[in-house]
Amino acid sequence: MSMIKAEPFDFPLRPAEMALVVIDMQRDFAEAGGFGASLGNDVSRITRIVPDVKRLIEGFRAAGLPVIHTMECHRPDLSDLPPAKRDRGNPSLRIGDEGPMGRVLIAGEPGTAILPELAPIAGEEVIEKPGKGAFYATALGEILKEKGITQLVFAGVTTEVCVQTTMREANDRGYECLLCEEATESYFPEFKAAAIAMIRAQGAIVGWTAHIDDILKGLP
Ligand code: TIU
C-alpha cells in the first residue's frame, strides 16, 4: 500500500477510492464586493492560495482521479435560505441582495461562480450547497457512493467554516479525510492553524493534514 506523508501519521492511500473535493473557491469569497468582503473580511488572503489549489487540481486530473467542486449558494427565490442565515450579523450585503457581482451567493450569478483559474472541466461534479457542510441537502453522499470513493482530499475555503464542517460530515460518514495545508485558507490565520491542529489531534480524530508536495508525490 502506498502512503502519503501526513500528520499525525502517514495516510494509507487507495487511489482507486480517492477524490479531491475543492470547497467553495468562488468569487464571492475571494473578491471585493462579494459575500466574504461583505462580512468585513480581508479577501486577499484567499486569492493567495489559488496557484496551489490549481496545482493540486491538476495533479488529480493528471492521475485520472475525480475532482469534485462545491459552491455555497442559494436558489434565486431564497427557498433554501433559512432566515437565521440571511439575518445573521450586520453585513453590508445580505445573501440575495444585489451587489457589484450580481446577487450575493445566488446560483448562476457572476459572483457566485468558481474562480476562472479553478473552473471545473467537463465531467467534474459541481455540488451546489446551501449550508456550510457539503453533505447537507446535496447529493454528494450518493455521488461518492456511486463512484466507490472512500477517501477524500480537501482543499478550499474557509478552513474552519466550510472545509472543516464538510470534513466533519465526511468523517462521521466513514470517509478518510486528508486536508492539504497549502490549498486551504481562512480570513483568520489563527483559525486556520487551530482548525488544522484540531482536525489531526487525538490520533486524527477528524482526519489527516499534509503538505501539497507530499500529496502530489503520493498520487499514482
Ligand atoms: N465557504 C465558506 O467557508 N463560507 C463562509 O461563509 N465562510 C466564512 O468564513 N465566512
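The legends below describe close-up views of a predicted model.

**View 1. An open sheet of six strands.** The strand order is S7-S4-S3-S8-S9-S10, and the pairing is parallel. Two strands form the edges: S7, residues 125–129, and S10, residues 208–210. Each of these edge strands pairs on one side only. From one strand to the next, the twist averages 25 degrees. In general, strands of a sheet pair through backbone hydrogen bonds, in either a parallel or an antiparallel sense.

**View 2. The pairing of S3 with S4.** Strand S3 spans residues 18–23, and strand S4 spans residues 67–72. Four bridges link S3 and S4 in the parallel sense.

**View 3. The shell around the ligand.** Which residues surround the ligand? They are Asp24, Phe29, Leu39, Glu72, Lys132, Val157, Thr158, Val161, Cys162 and Tyr187. By class, six are nonpolar, three are charged and one is polar.

**View 4. Helices H7 and H8.** Helix H7 covers residues 159–172, and helix H8 covers residues 189–204. Two packed helices are described by the distance between their axes and the angle between them. Here the axes come within 10 Å and cross at roughly 20 degrees. Angles under 35 degrees count as roughly parallel, so H7 and H8 are roughly parallel to each other. Their crossing is right-handed.

**View 5. Two cis peptide bonds.** Most peptide bonds are trans. Thr158 lies in the loop between strand S8, residues 151–157, and H7. Another cis bond joins Glu7 and Pro8, with omega about 5 degrees. Pro8 is found in the loop between strand S1 (2–4) and strand S2 (11–13).

**View 6. Positive phi at Leu78.** Most residues other than glycine have a negative phi. Leu78 is not glycine, yet its phi is positive, near 65 degrees. Where is Leu78 found? It is in the loop between S4 and helix H5, residues 83–86.

View 7. An unreviewed UniProt entry carries the annotation "domain: Isochorismatase-like" for residues 19–207. The end C-alpha atoms of this span lie 15 Å apart. Residues 19–207 are 36% helix and 20% strand.

Conventions. Residues numbered from 1 in each chain as written. Predicted model: local features only at pLDDT ≥ 70, side-chain atom pairs only at ≥ 80, totals over all residues. Pairing = 2+ DSSP bridges. Axes fitted to C-alpha atoms, helices over the stretch in contact; angles between N-to-C directions. Near = placed C-beta within 6 Å. Nonpolar A, V, L, I, M, F, W, Y, C, P; charged D, E, K, R; others polar. UniProt positions renumbered as here; feature names shortened; annotations may be inferred. Parallel < 35°, antiparallel > 145°, perpendicular 65-115°, else oblique. Left-handed = near helix turned anticlockwise from the far one by under 90°.
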